[in-house]
Amino acid sequence: MRENNYAVIMAGGVGSRFWPMSVEDLPKQFLDVLGIGKTLIQLTYERLCNVVPDENIYIVTNEHYVELVKTQLPALKPNQILTEPERKNTAPCIAYAAAKIYSINHDANLIVAPSDHLILKEEKFKRIINTAITRASKEDRILTLGIKPTRPDTGYGYIQFHQDGDLLPGQISKVKQFTEKPNREMAEIFLKSGDYYWNSGIFIWRAKTILKALRKFKPELYELFCDDFSIYNTPGEYEYVNTAFRRCESISIDFAIMENAKNVDVVLADFDWSDLGTWGSLFDHLDKDVNGNSIKGKNTHVFNSYNCLINLPNEKLAIIQGLNNQIVVESDNRLLILDKRDEQNLKTYLKAVKEKN
């Protein structure tokens, strides 16, 4: 039943691998990185409105971004914006949202999705989500959407599934194991094996199912958020949740639940997905010139350069020559020039700069 379907959009991250455009005060989920007049969180919200009632969509975000959420998603009511006082990764975020929604509707089915992913084929997304909801609503199952890998990417988690050979789009298989962000050698082995998919980070389950899993595998976390369901949707919720976040550990839902639970399924998704985790992943979806360059900037002039992502302000006059496979981005007096093959180390470079300064 559609009224039992809810969506939780996780929108509290910083998106540091999209520096220099994505910064602490304005993370990438609130940016129009595609240049289409809509931010990533707006696209995510609109996509989920096709699957669940508008009033059943909840945003979990850092308390510093509440005004950004209100501005970009004005249809939301105040009770649909859940705030985190500090970042503690995805497991506490999901524990909070699941407990709150369960207190409203014990039969709730939850779709949990990041706010900053790109999905191009939205009708296919709707069909696959509905397949997963049907499975989750009838059985005590935890489902994730899997993406067939196209390269040995070390920035994704990997899901090994049971079936021999490829799944068909929308087909469901039991999960053998999760592996969180392997090294290059292991990623190449996974790619060749044919029975591993990328973990999209989009999950589907009943509220009662994920709370049951939290109670089993992370009882301390469960106790902090679920020892008193009656506090939710009352004036006492804010302080109760803030206390829980201050006391809980920082842990991802993958480490907390997915790698431990035995009732996990994967659904093969074929809706042209990208987590837009890096500039390189965005580059794959941008229009390019005859030399393979994606160039944004009205006064940017490029010569003898190939396969580059160049994003400069329109008022900046730039001549670029002789680059190959580079990322060049300027925003608010911050400049990035980075080899695309080294972009997984951007966080390391940012940390080094922060320590130096």
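Author: Happy to! Let me begin with a definition: a crossing is called left-handed if the near helix is turned anticlockwise from the far one by less than a right angle, and right-handed if clockwise. Helices (H or I, at least four residues) and strands (E, at least two) are DSSP runs, numbered from the N terminus. This is a predicted model, in which local features need pLDDT of at least 70 and side-chain atom pairs count only at pLDDT 80 or more, while totals for chains, interfaces and linings use all residues. Residues are numbered from 1 along each chain as its sequence is written, and side-chain values use heavy atoms, with hydrogens and water left out.

Our part is helix α6, residues 207-217. Its buried residues (under 20% relative accessible area, with a 1.4 Å probe and protein chains only) are A207, T209, I210, L211, A213 and L214. Among the elements that cover them are α3, β4 (109-114), β6 (142-147), β9 (196-206), α7 (219-226) and α9 (253-258).

Take α3 to start with. Two packed helices are described by the angle between their axes and the distance between the axes. Axes here are lines fitted to C-alpha atoms, for helices over the stretch in contact, and angles run from 0 to 180 degrees between N-to-C directions. The axes of α3 and α6 come within 9 Å, crossing at roughly 130 degrees. The two are therefore oblique to each other; angles under 35 degrees count as roughly parallel, over 145 as roughly antiparallel, 65 to 115 as roughly perpendicular and the rest as oblique. Their crossing is left-handed. On the α3 side, I94, A95, A98, A99 and Y102 make the contact (heavy atoms within 4.5 Å), and on the α6 side A207, K208, I210, L211 and L214 do.

Now for α7. Here the axes of α6 and α7 are 5 Å apart, at an angle of about 125 degrees, which makes α6 oblique to α7. From α6, the residues L211, L214, R215, K216 and F217 meet P219, L221, Y222 and C226 of α7.

W205, F225 and I257 have the most contacts inside the largest nonpolar core, which has 52 residues.

Technical notes: Buried < 20%, exposed > 50% of the residue type's maximum accessible area, 1.4 Å probe, protein only. Core = buried A, V, L, I, M, F, W, Y, C linked by side-chain atoms within 4.5 Å.
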